[in-house]
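Student: I am new to this structure and would like a close look at one part of it. Please take me through that part slowly, and then show me what lies around it.

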Amino acid sequence: MISRIAGALLRATLVVLLIATPSLLLPGMTADVTQIVTLVSIFAAALTIFEYASVYPGIVEFRDAPPFNRIRFVALLAIVVMISMVVRGETVPTALNLIVSDFGRKIGAAIDFPYSPVRQVVLLLPDDTTAAHIERVRSAAGISYFVSMMSLAVFWFCVRVRNWPLHSGPFNVWVNLPTFDPTTGGDVVERLERDARFNIVVGFTMPFFIPAALKASESLFGQVTLDNPQSMVWIVAAWAFLPASLLMRGLAMARIAQLIERKRAVTAREREELQTA
């Protein structure tokens with residue numbers, strides 16, 4: 001009980017740190033922005049404590065199947081911190097900020113080729129955007145997409161090499177998939193595989209679809225300029241992190257379906273051996 005509450009408090013602290021990072025690193029934050037960040041941090045911390053301090057499942061999937069959520073959190077934190085450092089490097093050119101900015105420029109230029117996700121984000125900017133702002137957005141998009149794909153590769157390694165989720169003990173479907181009801185909707189394996197394919201398809205297309213949808217809706221909502229540093233950090237981070245998260249969820253659902261199918265085959269084989277004995 002004590003260890004579970006301590007773990008929940010630690011996770012809540014890390015979530016607050018994640019939400020507050022842009023406000024701590026970026027210059028020129030107003031009092032209104034500080035108040036909004038404070039309210040969001042309090043809500044997120046309370047939700048995290050409620051989720052992880054409880055024995056029963058809530059809304060967080062794969063809660064007891066590390067390192068699924070840990071990889072996602074570290075990836076999002078790395079994206080937010082690195083993009084904030086790129087923006088901060090323009091006014092506070094420390095050695096670390098310049099290193100991150102240089103890495104962002106190189107990775108952004110490498111990924112910015114025709115029809116690439118980074119190119120779609122750059123094309124989202126208005127025609128009169130300055131070269132410096134285009135470079136900033138390209139660097140942020142390159143960092144965000146690169147870190148997201150690296151997190152996906154790390155999770156794939158955990159699934160294929162480290163035998164996730166069985167390496168940490170038995171997998172409890174009720175705790176780790178609280179929104180999935182195995183008693184309705186037909187065969188469990190077919191539903192898991194269908195959900196896996198849906199998440200993979202949506203996750204793969206989202207980096208291309210989101211900029212296209214924003215570009216098509218300019219007549220309704222206006223042009224997306226990404227001039228505000230804090231807004232740019234969260235928009236670009238979400239643009240790459242959410243699709244990677246869906247791809248990870250698709251891999252996880254496919255893995256669970258594979259484990260259930262394997263367990264069924266073992267059970268059927270044991271039943272046949274008992275009948276023939």
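Is E61 buried or exposed?

Tutor: This is a predicted model, in which local features need pLDDT of at least 70 and side-chain atom pairs count only at pLDDT 80 or more, whereas totals for chains, interfaces and linings use all residues. Residues are numbered from 1 along each chain as its sequence is written, and side-chain values use heavy atoms, with hydrogens and water left out.

E61 has a relative accessible area of 14% and is therefore buried (buried means under 20% relative accessible area, exposed over 50%, and partly exposed in between, with a 1.4 Å probe and protein chains only). E61 sits in the loop between helix 2 (31-53) and helix 3, where helices (H or I, at least four residues) and strands (E, at least two) are DSSP runs numbered from the N terminus. Two polar contacts involve the side chain of E61: one of 2.6 Å with the side chain of R249, and one of 3.3 Å with that of T179. A polar contact here is a pair of N or O atoms within 3.5 Å; within protein, one must be able to donate a hydrogen and the other to accept it, and residues adjacent in sequence count only if both atoms are side-chain atoms. Once its neighbours within four places in sequence are set aside, E61 is in contact (heavy atoms within 4.5 Å) with N69, N176, L177, P178, T179 and R249.

From this loop we can turn to the helices. Helix 3 (residues 68-88) packs against helix 4 (residues 95-111) at an angle of about 105 degrees, their axes being 8 Å apart. Helix 3 and helix 4 are therefore roughly perpendicular to each other, a term that covers angles of 65 to 115 degrees. On the helix 3 side M82, M85, V86 and R88 take part, and they meet L96, N97, V100, S101 and F103 in helix 4.

Helix 10 (residues 229-276) has 48 residues and reaches 70 Å from its first C-alpha to its last. At the start of helix 10, a side-chain oxygen of N228 comes to within 3.1 Å of the backbone nitrogen of Q230.

R136, found in helix 6 (residues 131-160), is likewise buried, with a relative accessible area of 16%. Apart from neighbours within four places in sequence, R136 is in contact with V87, E90, D227 and M232.

As a setting for these details, the protein chain comes to 10 helices and 0 strands, and 41% of its 277 residues count as buried.

Notes
Expected span 1.5 Å × (residues − 1). Axes fitted to C-alpha atoms, helices over the stretch in contact; angles between N-to-C directions. Parallel < 35°, antiparallel > 145°, perpendicular 65-115°, else oblique.
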